[in-house]
Every structure is written in structure tokens, then in C-alpha cells.
Amino acid sequence: MGYNTINRKIVLDFLQDNSDRFISIGDICNEFERCGRSINISTVYRLMDKLIKEGVITRHIEDKKSYFRFVSEQCSSHLHMKCSVCGIVRHLPKDLLEALSDFYGFKVEYERSIIQGVCTVCK
């Protein structure tokens, strides 16, 4: 567990409040501006690397850009589906891939697996 600095708290609160979507570094910097605080972008990257190592957040790379999401305890036991239009993330039932996983003897890394698609709102 890292130090509980005000910057860490702002980032974690923001990620938890938006845990249904992936957040960019730009989104985090904008949140600091909204709170009336300034932060160096390299500080944000270092903090994100620490949070990833601690298992608090996960990183998703799309079009050579990193996105981050708060990881709850349940996220390591099921798949996620992400809307490629609005970015919303939905939890999928755990048993969705269990049969395939059992058949092939393959352990799915659920916290790193994301199915892309378009949600009903964005269709």
C-alpha cells in the first residue's frame, strides 16, 4: 500500500466514482483542475503505475492510449464488456466462459480480459 497523499486520494476517489468506465490520464488531470489543484502529468503516470502494481486499478490500452479503471474484488472472477462508443463497462456473468475454459484447460485472466462492443444506448 502506498502513501495516502491528497493526490492519491483524489485519483482513487475519481476512479471509484467512475468505476463503470475506463479513465484516461487527461480525464484525471481535468479532475484535478476541477478540484482547483494542479498536478504534473508525470506524477499522474507514476501514481497510476503504483496503483497498478498494488492491484488497485487495471490498465487497458486502446489505439496506443492507456485507460485505467478501479478494480473491485469481484473483477477477478468475471469478464467485462466495454462499449467502444461511450466507454461504459459492464460485468458479465462468471459462467459465460467457464465451459470453454474447462474444455480447453485454459485459465482466463478475467481482470485483464475485455470484450469490445456497442451498448444498447449507443446502437
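**Close-up views of a predicted model**

**View A. Where helices α1 and α3 meet.** Asn7, Arg8, Val11, Leu12 and Leu15 of α1 are in contact with Thr43, Leu47, Met48 and Leu51 of α3. This is a predicted model, so please read each view with that in mind. Helix α1 covers residues 6-17 and helix α3 covers residues 41-53. Their axes lie 11 Å apart and the two helices pack at an angle of about 65°; α1 and α3 are therefore roughly perpendicular to each other. The crossing of α1 past α3 is right-handed.

**View B. The loop between β2 and β3, with Asp63 and Lys64.** Strand β2 spans 57-62 and strand β3 spans 65-70, with Asp63 in the loop between them. Lys64 lies in the loop between β2 and β3 as well. Take a look at the backbone here: Asp63 is not a glycine, yet its phi is positive, at about 50°. Lys64, also not a glycine, has a positive phi of about 65°. Asp63 counts as exposed, at 74% relative accessibility, and Lys64 is exposed with a relative accessible area of 85%.

**View C. The aromatic pair of Phe103 and Tyr104.** One aromatic pair is found in the structure. Its partners, Phe103 and Tyr104, are arranged edge-to-face, with 4.9 Å from centre to centre and 90° between the planes. Phe103 and Tyr104 are both exposed.

**View D. Arg69 over the ring of Phe22.** Here a charge meets a ring: the charged end of Arg69 sits over Phe22. The distance from that charged end to the centre of the Phe22 ring is 5.6 Å.

Definitions and conventions: Residues are numbered from 1 along each chain as its sequence is written. This is a predicted model: local features need pLDDT of at least 70, side-chain atom pairs count only at pLDDT 80 or more; totals for chains, interfaces and linings use all residues. Side-chain values use heavy atoms; hydrogens and water are left out. Rings of Phe, Tyr and Trp (its six-membered ring) pair if their centres lie within 6.5 Å; planes under 30 degrees apart count as stacked, over 60 as edge-to-face and the rest as tilted. Buried means under 20% relative accessible area, exposed over 50%, partly exposed in between (1.4 Å probe, protein chains only). A charge sits over a ring if NZ of Lys or CZ of Arg is within 6 Å of the ring centre and within 35 degrees of the ring normal. Axes are lines fitted to C-alpha atoms, for helices over the stretch in contact, and angles run from 0 to 180 degrees between N-to-C directions. Helices (H or I, at least four residues) and strands (E, at least two) are DSSP runs, numbered from the N terminus. Angles under 35 degrees count as roughly parallel, over 145 as roughly antiparallel, 65 to 115 as roughly perpendicular and the rest as oblique. A crossing is left-handed if the near helix is turned anticlockwise from the far one by less than a right angle, and right-handed if clockwise. Contact means heavy atoms within 4.5 Å.
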